Amino acid sequence: MEDHNRSRLRATRVLPVRPIPGIAEDAATGLLGEPRSIPPKYFYDERGSRLFDAICETREYYPTRTEEKLLVEYSNDIMSVVRPDHIVEFGSGAARKTRHLLSACDQHKETVAYWPFDVCEAMLLESGRRLVEEYDWLRVNALVGDYLGGLADLPRPAGNCLFLFLGGTIGNFTEPQAQQFLDEVRAVMVDGDYLLLGADRVKDADVLHAAYNDADGLTAEFNLNVLQVLNRELDADFEETCFEHSAVFNNEASQIEMYLVSRQRQSVHVGVLDETLQFAEGDKILTEISRKFTPVSLESMLEAAGFRIERHLEPNNGYFSLLLARPVGQGFPGGL
Ligand code: AVJ
């Protein structure tokens with residue numbers, strides 16, 4: 001594998017089996033579909049990424065700090081079980097929480113290569129630069145791409161890999177998407193590899209509601225920001241003031257559903273699609289689902305994808321789960 005400090009590998013973007021849709025294709029499917037929707041990955045332009053970071057600092061948004069506390073407490077334990085040569089992280093973002101795992105390597109006097117995988121190239125370069133400054137032994141190989149587009153082209157370095165999928169982002173996937181993603185991760189894993197998965201849990205509906213309706217209105221701004229992304233990328237003329245943020249907990253589906261709700265009758269032109277969308281007052285665009293799991297739903301989801309759970313970490317209030325799992329041996333049905 002590549003050995004130089006700041007080398008950057010690009011994930012191949014052309015996948016014959018499941019081509020990665022561009023924003024125009026995604027928007028055509030989502031905005032012209034019923035119900036209207038936009039994939040949540042378009043939240044994360046530069047402004048959106050900054051707004052998300054600010055959300056993580058709010059009193060109401062507990063997932064980030066809850067997961068981080070678990071990582072502070074258990075990183076040493078996790079790293080002494082896993083002893084990876086490589087850490088591959090899906091949706092690495094600013095890689096703030098990954099530092100706890102890297103610091104544990106530091107303490108164990110072990111070195112790893114870090115392979116952050118994200119859609120935002122600027123973010124990858126910036127966080128990679130900071131990390132190699134902080135950890136002088138660290139090699140960073142950034143992977144630019146959309147991990148929902150398939151993992152067939154993921155480089156598979158020699159040695160043990162710890163795969164990270166943190167933050168509860170698995171909750172953005174529908175059940176079949178999540179199952180497919182875990183199947184794909186499982187397919188690239190070999191004996192000795194581990195997956196560390198962070199997932200948000202079902203809890204009091206008021207706590208959930210508050211986390212997606214913070215008093216400072218940052219989540220509302222984050223949600224509405226996607227209209228700016230669409231205006232820019234699709235030559236559209238969405239008026240931010242004509243839409244309203246809404247986030248509700250759907251108890252039956254066990255998920256937060258985030259919408260942009262039209263405040264009035266209006267039409268919006270989308271240049272790139274050569275379409276004019278008609279909205280009645282109250283018409284909604286689904287911008288995100290954020291599924292909330294139970295310990296059982298998480299464990300059965302992982303087991304269905306061929307994993308065995310090695311650790312299931314949670315805080316006393318059960319607000320969040322960190323699961324460390326390993327692939328069930330291929331030749332050993334029922335486990336190793
Ligand atoms: C980054 C997907 C985990 O679902 O809670 C935060 C995104 N949306 N506030 C989540 C988000 C609204 C977040 N994830």
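**Close-up views of a predicted model**

**View 1. Who lines the ligand site?** Helix H8 (218-234) and strand S13 (284-291) each contribute at least two residues to the shell around the ligand. Keep in mind, as you look through these views, that the model is predicted. In total, 13 residues surround the ligand, and the closest are Tyr-61, Gly-167, Tyr-212, Glu-288 and Ser-290. Sorted by class, the shell holds six nonpolar, six polar and one charged residues.

View 2. Start with Tyr-61, where an N or O atom of the side chain sits 2.5 Å from an oxygen atom of the ligand. Tyr-212 also places a polar side-chain atom 2.5 Å from a ligand oxygen atom. How much of the ligand does the protein bury? The ligand exposes 350 Å² when taken alone, and the protein buries 96% of that.

**View 3. A four-stranded open sheet.** Here the strands follow the order S2-S13-S10-S9, with mixed pairing. Strand S2 (36-37) and strand S9 (243-250) are the edges, each pairing on one side only. S13, which supplies at least two residues of the ligand shell, sits between S2 and S10 in this order. Follow S9 to strand S10 (residues 255-262) and you will find eight bridges joining the two, which run antiparallel. In this pair, Phe-249 stands opposite Ile-256 in S10.

View 4. Cys-161 belongs to strand S7 (residues 161-165). Is this residue buried or exposed? Its relative accessible area is 1%, under the 20% cut-off, so Cys-161 counts as buried. Setting aside residues up to four places away in sequence, Cys-161 touches His-86, Val-88, Arg-156, Asp-193 and Tyr-194. Gln-177 is 16 residues from Cys-161 in sequence, and their C-alpha atoms are 23 Å apart in space.

View 5. Look for Asp-193 in the loop between helix H6 (175-188) and strand S8 (194-200). Asp-193 is buried, because its relative accessibility is 0%. Its side chain makes a polar contact with the side chain of Arg-156 at 2.3 Å. A polar atom of the Asp-193 side chain also lies 2.8 Å from the backbone nitrogen of Cys-161.

Note on methods
Residues numbered from 1 in each chain as written. Predicted model: local features only at pLDDT ≥ 70, side-chain atom pairs only at ≥ 80, totals over all residues. Heavy atoms only, no water. Pairing = 2+ DSSP bridges. Near = heavy atom within 4 Å. Polar contact = N/O pair within 3.5 Å; in protein donor to acceptor, adjacent residues only side chain to side chain. Areas by Shrake-Rupley, 256 points an atom, 1.4 Å probe, with all protein chains shown as cover. Nonpolar A, V, L, I, M, F, W, Y, C, P; charged D, E, K, R; others polar. Buried < 20%, exposed > 50% of the residue type's maximum accessible area, 1.4 Å probe, protein only. Contact = heavy atoms within 4.5 Å.
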